[in-house]
Amino acid sequence: MVSLTRKRRFLRSIFLLFAVIALSSSAQAQSTDASIIGPEITISALASDEWSPDIAYNSVHNEYLVVWENVWPGGHKDIYAQRLSGDGRLLSWFAVATNTNKQMNPSVAYDPIHDRYLVVFAYDYYGNDSDWDINGRFIPWDGPDPSLVDFGICTWDSNQRRPAVAFAYTEEEFLVTWTNAPAGQPTYISARRVFAGGGFPPGDGFTVSSGPENRDYQDVAYNLARNEYLVTWDVESAGDSLNIAGVRLNAMGQPLLGGDPYAIGEFTIAGWPDSEERPAVAACFTADQYMVAWQSDVGTGGTDYAIYARYLDGEAHPGSVHLISNTPAPQLYVDISCDFLGKKYFLAWQDKYVGGEYGIWGRFALPNTTLGPEFEVVGPRHQADREFPAVAGGKAGFLAAWEHDRDGGTNKDLHGRLLAYLMYLPAIVK
């Protein structure tokens, strides 16, 4: 049962927000004690079900791009996008793909050098669900350019799914990762570099991790401090449980040292007897650090889940593990981002309430391992869930978006909120 105290939102006045943020911009080691939650935003409410949001922050124009998967009556799927200003105003929206077969599982990253996005997604190549490829499209900051059409990133004769993308500023390129699901074989993780100006290095990608066990739900983050990536995923272990693994890659996609024990290539991030699943990863470059979050069944055999996270330094040595949230009801599908300044993390997940519906909760974290309190981002309504959050960090805070069951209706929309953090400074006694 979720306590009444935990239901309270940590609202503060706008005056205090700006006063404290201004003071805290030069402070180094304060604790994160509260949050400011902006008004709820209806990002999309089409005559479809909107699924699987992802978000990128545009640092040049101080706006966000939210992408998602539409499921239309009749079952057709495609990818749409909505621009939002840094203060939450809706700007233009548009369809992403130029090909007409089904698309799903979008992910997006922003390139400030060319001032455009790369949106990647799974594409139904033959139109009959027999061969899903990974496609992408470059989208200028203010909307699609008809001359920039979809292109294949992975077109192998097998199924690829759930791509994730990160932009490497130093190299001026993207790294796209995905899960391969060949028929009758274990799933495994692959990746391909995409030049920001278009095109690829030689080859058609590379294997990140494979083996006799299934690997899935990969994610990727870029660390500007080192011009490197961390890729994470979950992998089957003994007793039908799952562990969290990762690999540190240089800008060329080559495995580097990491883990504990320190070794080149794949290493374990969370490997306890519980089932640790669906990792999300972010990098705060000013601290030369990663944070990996996941859901754990906490020994319940899948009947309950809690959210955990672990800090890793820039060389991918796993550090301290932190319980982010745990109640007697499941908490699932965590996402994580670092703000544009590289100083603070924000985590969001879906949390089951006593009535059976899900709402969205969140928590701020600092690179020094200080955690702010949990708070409710949005609560559910009777028989109406808020699920599958996505987050992205900007210059002044974060944008969270989620799948939003339409109150009193049957459609699933997309809603969101801007979130900022308060930093309480030590009192000065005179």
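Which two cysteines form a disulfide, and how far apart are their sulfur atoms? In this predicted model, where local features need pLDDT of at least 70, side-chain atom pairs count only at pLDDT 80 or more, and totals for chains, interfaces and linings use all residues, the pair is Cys 284 and Cys 338, with sulfur atoms 1.9 Å apart. Residues are numbered from 1 along each chain as its sequence is written, and side-chain values use heavy atoms, with hydrogens and water left out.

A search of the whole structure turns up one disulfide, the term standing for a pair of cysteine sulfur atoms within 2.5 Å. The torsion about the S-S bond of Cys 284 and Cys 338 is about 105°, so the disulfide is right-handed. Distant parts of the chain are linked by this pair: Cys 284 sits in strand β21 and Cys 338 in strand β25, 54 residues apart. Strands here are DSSP runs (E, at least two residues), numbered from the N terminus. Both Cys 284 and Cys 338 are buried, where buried means under 20% relative accessible area, exposed over 50% and partly exposed in between (1.4 Å probe, protein chains only). Cys 154 also counts as buried, at 1% relative accessibility.

On the strand side of things, β25 and β26 pair in the antiparallel sense over six bridges; for strands to pair, DSSP has to find at least two bridges between them. Cys 338 stands opposite Tyr 345 in β26. Four strands make up an open sheet in the order β25-β26-β27-β28, with antiparallel pairing. At the edges stand β25 and β28 (375-378), each with a single partner strand, so one side of each is left without a neighbour in the sheet. Neighbouring strands of this sheet are turned by 30° against each other on average, direction ignored; the axes behind that angle are lines fitted to C-alpha atoms, and angles run from 0 to 180 degrees between N-to-C directions.

Tyr 345 turns up again in the largest nonpolar core, which has 18 residues; Met 291, Ile 336, Tyr 345, Leu 347 and Trp 349 have the most contacts inside it. Such a core is a set of buried Ala, Val, Leu, Ile, Met, Phe, Trp, Tyr and Cys residues joined through side-chain atoms within 4.5 Å. At least two core residues come from each of β21 (276-284), β22 (289-296), β23 (306-313), β25 (331-338), β26 (345-352) and β27 (358-365). Another core, of 16 residues, lies apart from it and includes Ala 164, Trp 233, Ala 245 and Leu 249.

Strand β4 (residues 63-71) pairs with β5 in the antiparallel sense over nine bridges, and Tyr 64 stands opposite Leu 84 in β5. Five residues lie between the strands of the β4 and β5 hairpin, where Gly 74 takes a positive phi near 100°. β5 also pairs with β6, again antiparallel, over four bridges; in β6, Leu 90 is the bridge partner of Leu 84. Leu 90 is partly exposed, with a relative accessible area of 44%.

As for confidence, the mean pLDDT of the chain is 90, and 90% of its residues reach 70 or more; pLDDT is the predictor's confidence in each residue, from 0 to 100. Over residues 1-33 pLDDT stays under 50.

Methods: Contact = heavy atoms within 4.5 Å.
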